Amino acid sequence: MTLALTLGAAVLVGLSLGLLGGGGSILTVPILIYLADVAPKPAIAMSLFVVGVTSAVGMLPHARARRIQWRTGLLYGTAGMIGAYGGGRLAAYIPAGVLLVAFGLVMAVTAAAMLRPRPVSAPITSTASMTSTASITSMTSPHAVAERGPVNRPMARILAEGIAVGAVTGLIGAGGGFLVVPALVLLGGLTMPVAVGTSLVVIAMKSFAGLAGYLDSVRLDWPLTLAVTAAAVVGGMAGSRLAGHVDPGRLRRAFGWFVVVMAAFVLVQQVPATVRHLVLDTLSGWPAQSAFIVAAVSGALVVWRIRARRTGVPLVASPPRPGPIVPGPPPTSGAGPDGGDTHASALGTTHATSDAPNTIESRENRENRMFFTQYYLECLSQASYLIGDKTTGRAVVVDPRRDVSEYLNDAAAHGLTIEAVINTHFHADFIAGHLELAARTGAWIGYGRRATGVEYPIRALADGERISLGEVTLQILETPGHTPESISVLLFEHPGDTVPYGVLTGDALFIGDVGRPDLLASFGITADELGGMLYDSVQHKLMALPDQVRVFPAHGAGSACGKNLSTALQSTIGDQRLTNYACAPMSRDEFVAIVTEGQPPAPGYFGYDAVLNRKRHELLDVSAHLRPLSPAEFLELQAAGAVVLDTRDALEFAAGHPRGALNVPADGRFAERAGMVVPPDSEILVIAPQDREAEVVTRLARIGLDTVAGYLREPEGALTAMAGHLTQARRVTVSELRQALDRAHPPALLDVRNAGEVEGGAIPGAIAIPLAELPRRLAEIPADTPVVVYCASGIRSSIAASLLRRHGHTDVSDLLGGYDAWRRALTPATA
């Protein structure tokens with residue numbers, strides 16, 4: 001029974017770590033001492049092992065959800081390891097009772113930190129960053145950077161606090177998580193969800209270092225340790241998966257009061273017998289004694305909360321809200337204006353498929369007037385935003401996609417009316433949904449004032465122009481460079497705020513990168529011209545904003561609008577200043593050279609979409625293109641010149657497909673790859689996986705390929721009926737390719753990976769042409785020689801091979817498993 005209780009309680013340890021980023025050792029040590037009857041010092045050492053392993057495993061779901069900032073975590077964790085090891089060694093010389101008293105006091109402080117009112121966090125890198133200028137106008141002027149001076153992270157303070165917190169953890173086996181999370185927000189500039197995930201990296205590092213310090217003086221019961229660890233790991237994995245689905249405020253408060261009780265119990269057990277006789281003899285047994293301590297601790301918390309409300313001084317540091325920027329010397333710690341309401345929103349994520357949008361939505365509180373939601377479409381790496389004022393019901397959508405129902409549904413659900421649609425520029429990688437939203441809502445459409453050649457009515461937005469939704473206010477910031485008309489949108493919760501809540505940067509600034517300036521060469525604007533504009537926009541305007549301003553870009557990793565985009569969906573100006581290669585101080589010429597070098601090839605449809613977004617094109621109507629076709633109708637349209645787009649996977653396609661069909665599997669980056677090989681304005685016939693026709697049509701329409709004439713009804717049976725019109729595609733194994741290359745007349749090799757991939761290794765003798773460039777470079781492929789195509793894993797090669805067959809190449813194969821399979825076979829590769 002005791003073991004069962006111990007293991008059941010260990011599951012709670014893991015849940016705490018996964019959900020809150022802390023609290024594991026606060027529970028583990030009492031569990032081991034009072035349930036498993038382990039001596040205090042071995043219990044502390046065992047706790048360090050349990051929490052270290054649980055944190056290491058629990059960080060994996062956070063990493064997959066992009067909630068870990070590795071550089072910050074490793075830096076803070078390394079400092080923590082130094083302190084933790086020292087604390088663990090020092091513990092050998094301190095009596096167990098003293099350690100437990102210290103442990104109980106840390107529990108009480110932890111409970112106070114959990115129960116105190118918590119404003120929603122704002123990423124802040126240093127108090128010095130709040131002293132730049134008096135107004136947003138001067139912040140965004142070309143001279144603001146010089147006035148402001150360089151802003152650096154408080155590295156010495158990060159290291160010092162890491163060592164100090166590590167020492168506490170190593171000494172008593174607790175105190176890490178709930179001290180680490182605020183420190184990561186305050187000193188590391190992280191948002192709360194990322195701070196929780198990153199704290200698990202730090203906690204794991206500190207725990208193992210502290211354990212190393214203890215192992216010289218204690219011996220562990222390893223069977224019990226491993227059993228408790230396994231139970232905690234199960235709880236930790238569950239907690240990490242529940243992190244985005246449980247109300248953290250309620251959970252934190254409930255856990256806090258539980259820790260109060262545990263702290264009371266631990267402290268009661270350490271009260272000397274003589275003192276107990278004098279003070280606690282009137283109380284019978286430990287429950288009454290614990291109740292007395294709970295009352296005392298609770299009373300102290302009440303007194304502290306009253307004092308905190310009167311003086312604004314918290315017991316435990318937590319992330320401050322951005323206040324007005326005050327010119328002059330930096331404020332002292334804890335000082336500075338704090339006007340205005342509690343921050344409008346903290347962001348959390350929900351899971352989605354590569355096709356469905358991933359919604360990052362604001363969490364509301366009683367004082368929140370702002371509604372803010374980010375929608376992220378994985379398959380196009382595209383972000384759009386709905387911003388509203390809940391007191392007036394007025395809202396704006398920024399950079400919408402064409403299928404606009406989700407914006408409309410969310411607006412209606414929150415009592416908002418969409419009054420405006422703002423595009424940060426003329427997008428090239430997708431067709432924006434401005435016309436669809438304007439038709440459905442009557443909203444006006446806004447672009448930067450340099451927008452020209454537009455066929456529909458627009459509102460030209462000037463630099464510094466403000467758009468009021470009530471309290472929530474937007475301000476336009478001209479940031480040309482990716483395109484001449486590019487703008488960013490500053491977002492204020494209140495019109496009087498001088499620090500923006502965030503900035504929607506469009507394609508000017510990404511997380512880890514900036515927008516490429518070379519896409520308009522065919523329109524007569526050189527990359528050097530746009531690169532110079534982008535330099536001013538990034539270095540003189542966006543980098544002049546305060547460090548705590550959140551950055552919300554229009555694209556993420558995988559987009560061809562840049563070369564080094566992060567998987568993160570939001571950041572801060574301060575973090576980009578520190579980590580983004582293009583935000584480092586440099587000359588204009590250096591900037592232009594570095595941002596134009598090594599850009600991936602742009603898909604062929606980019607130019608088409610950039611023009612189409614200026615035109616009054618037809619509105620999205622998926623149902624109009626969902627025409628089921630019989631085999632006879634399908635073949636008749638194909639004979640008339642329609643392009644057959646087979647979206648089944650490569651293996652099904654190879655087994656049998658209509659002659660001349662293009663194979664672009666519907667999974668992953670389907671629309672982008674279809675846009676590389678399907679000529680715009682082509683009539684398209686779709687072969688889709690069963691019941692995915694509407695999805696395929698919608699995804700094609702998102703990039704302007706809304707010319708689908710119909711789809712093959714019940715494809716499995718229909719293809720059987722079309723057997724006389726089908727052909728197969730040959731796919732070769734690595735072994736077969738090696739044999740073919742050893743022959744007197746080997747096949748030509750075509751590598752359709754991007755240049756950066758080829759630099760990492762290639763099959764000797766291959767012709768390297770990225771898939772995006774292949775349609776215009778077909779003449780470079782030998783027409784009288786067998787061709788074997790390969791990519792990284794076998795998806796792009798099937799697309800490229802089908803394109804070659806469509807254009808007359810009769811002997812084309814592609815390599816199963818791609819270059820990855822070739823490399824695994826240990827064949828020498830050339831860089």
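Colleague: Which residue of strand 21 does V643 stand opposite?

Modeller: V643 stands opposite I684 in strand 21. This is a predicted model, where local features need pLDDT of at least 70, side-chain atom pairs count only at pLDDT 80 or more, and totals for chains, interfaces and linings use all residues. Residues are numbered from 1 along each chain as its sequence is written, and side-chain values use heavy atoms, with hydrogens and water left out.

Colleague: OK, and how many bridges pair strand 18 with strand 21?

Modeller: Strand 18 (residues 643-646) pairs with strand 21 over 4 bridges, in the parallel sense. Strands here are DSSP E runs of at least two residues, helices are H or I runs of at least four, and both are numbered from the N terminus. Two strands pair if DSSP finds at least two bridges between them.

Colleague: Which way do the side chains of strand 21 (residues 684-687) point?

Modeller: I684 and V686 point one way, L685 and I687 the other, and all are buried. Buried means under 20% relative accessible area, exposed is over 50%, and partly exposed is in between (1.4 Å probe, protein chains only). In a regular strand, side chains alternate between the two faces of the sheet.

Colleague: And helix 24, buried or exposed, mostly?

Modeller: Mostly covered: 8 of the 9 residues in helix 24 (residues 693-701) are buried.

Colleague: Switching topic: what is the strand order in the open sheet of 5 strands?

Modeller: The order is 24-28-27-25-26, with parallel pairing. Strand 24 (730-732) and strand 26 (767-768) are at the edges with a single partner strand each, so one side of each has no neighbour in the sheet.

Colleague: Which helix packs on that sheet at about 90 degrees to strand 24?

Modeller: Helix 26 (residues 734-741), which touches strand 24, strand 25 (748-751), strand 27 (787-790) and strand 28. Helix 28 (residues 796-806) packs on the sheet as well, its direction making about 175 degrees with that of strand 28. Those angles run from 0 to 180 degrees between N-to-C directions, using axes fitted to C-alpha atoms, for helices over the stretch in contact.

Colleague: Now salt bridges. How many are there?

Modeller: The count comes to 25 salt bridges, each being a side-chain nitrogen of Lys or Arg within 4 Å of a carboxyl oxygen of Asp or Glu. One of them joins K541 and D463 (3.8 Å, N to O). K541 is in helix 17 (residues 527-541) and D463 in the loop between strand 8 (459-461) and strand 9 (466-468), 78 residues apart.

Colleague: Is K541 buried or exposed?

Modeller: K541 is buried, at 16% relative accessible area, while D463 is partly exposed at 40%.

Colleague: Which residue in helix 17 does R588 bridge to?

Modeller: D536, at 3.0 Å, N to O. R588 lies in helix 19 (residues 588-596) and D536 in helix 17, so the pair ties together parts 52 residues apart in sequence.

Colleague: Last one: which residues make up the salt-bridge network?

Modeller: R401, D403, E406 and R702 are linked in that network.

Definitions and conventions: Contact = heavy atoms within 4.5 Å.
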